[in-house]
Amino acid sequence: MVGVLDCNSVGFIGLGAMGAPMAKHLATKLPGEVKIFTFDIVETIIDGICAEYPDKVYKGSSPKDVAEKSDIIITMVPEGAHVRAVYLDENTGICSTDISRKLLIDCSTIDTATSLAVKDHIVQNFPTALFYDAPVSGGVIGAQKGTIAFFLGCAEDDPNLPRLIHLLGVMGKQIIPCGGPSLGLAAKLSNNYLSGVIAIACSEAMNMGMRSGLDPRVLAKVYGAGTAQNTICDQFNPVPGVCREAPSTNGYRNGFKVQLMRKDFGLAVDMARRVKADLALGDAGLGVYDGASKDPRCRDLDSRVVYRYLGGNENWQNKLQK
């Protein structure tokens, strides 16, 4: 794989709930001679992954330090402001050192304007460097299992596509070229808008069915067999106890935080306005995620906690046992 990737070192910046398991897949699956340099603002996270993979994963002191030591740099941070800081900070950013001929992949979910600004800066200052947006979908569980999808801001005839597919395939299952710069992000925001709307609709439908006397497990089977079938219901059901591995069954932990869904949903609504696409459900959905992200019962929990926010019964199993 070293020959395919044409590198001896990979940098990974941003070891959060998604980034850490992605970096661990690189550490586990890349050939032993490929070194991995990491950085995160939470130093204990870096120390932990370095201790888990000694002589494979190394600690960087800044994005600049990681960039100086790596042939390929992957970034995975929460917001556009973080991406700007990681890449463009004059003292510690990736672009504060010579990144000529390096491959840079940003897996963050941010606004397209920020991504294009970073790309333009790199093109103007380091014309031989390569920058791609490649946001991911599949949640923390998918990142841990290595089954996430990458929406790659890259044309199908891009000569670097085979290299990108090999690298991203170490961390995920599907790599979908979306056509060009920032189009991976446009695809991701469209996806998260739809996913967020479905989660609200699934929560409401489950709630009304359960209040009518239906067992939620039966409802899930009904949706799965009918035209309402969807991944949220099948794998991330918002009702606790319906899907064994869903975050809801684990106290809504280890999922996609409701604040991040609020951020992505808002970015999608902004994108729709910018391209003059009418949204019937945009403002209503954004209101739900805004409210849930501020609710102390829901904040910092998986976004499907909107079921709780909307008044769903989480203790339905106790009623059945009586």
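## K188 and its surroundings

A polar contact of 2.8 Å links the side chain of K188 to that of T109; such a contact is a pair of N or O atoms within 3.5 Å, where within protein one must be able to donate a hydrogen and the other to accept it, and residues adjacent in sequence count only if both atoms are side-chain atoms. This is a predicted model, in which local features need pLDDT of at least 70 and side-chain atom pairs count only at pLDDT 80 or more, while totals for chains, interfaces and linings use all residues. Residues are numbered from 1 along each chain as its sequence is written, and side-chain values use heavy atoms, with hydrogens and water left out.

K188 sits in helix α9 (residues 183–211); helices here are DSSP runs of H or I with at least four residues, strands are runs of E with at least two, and both are numbered from the N terminus. With a relative accessible area of 4%, K188 is buried (under 20%; exposed is over 50% and partly exposed in between, using a 1.4 Å probe and protein chains only). Setting aside residues up to four places away in sequence, K188 touches T109, P135, V136, S137, F151 and D264, contact being heavy atoms within 4.5 Å. An unreviewed UniProt entry annotates K188 as "active site"; annotations of this kind may be inferred rather than shown by experiment.

Two strands pair if DSSP finds at least two bridges between them; β7 and β8 (residues 148–152) run antiparallel and are joined by 2 bridges. S137 stands opposite A149 in β8.

## H25 in helix α2

H25 belongs to helix α2 (residues 19–29). H25 counts as buried because its relative accessibility is 11%. Its side chain reaches the backbone oxygen of A143 at 3.0 Å. Beyond its neighbours within four places in sequence, H25 has contacts that include L30, Q144 and V170.
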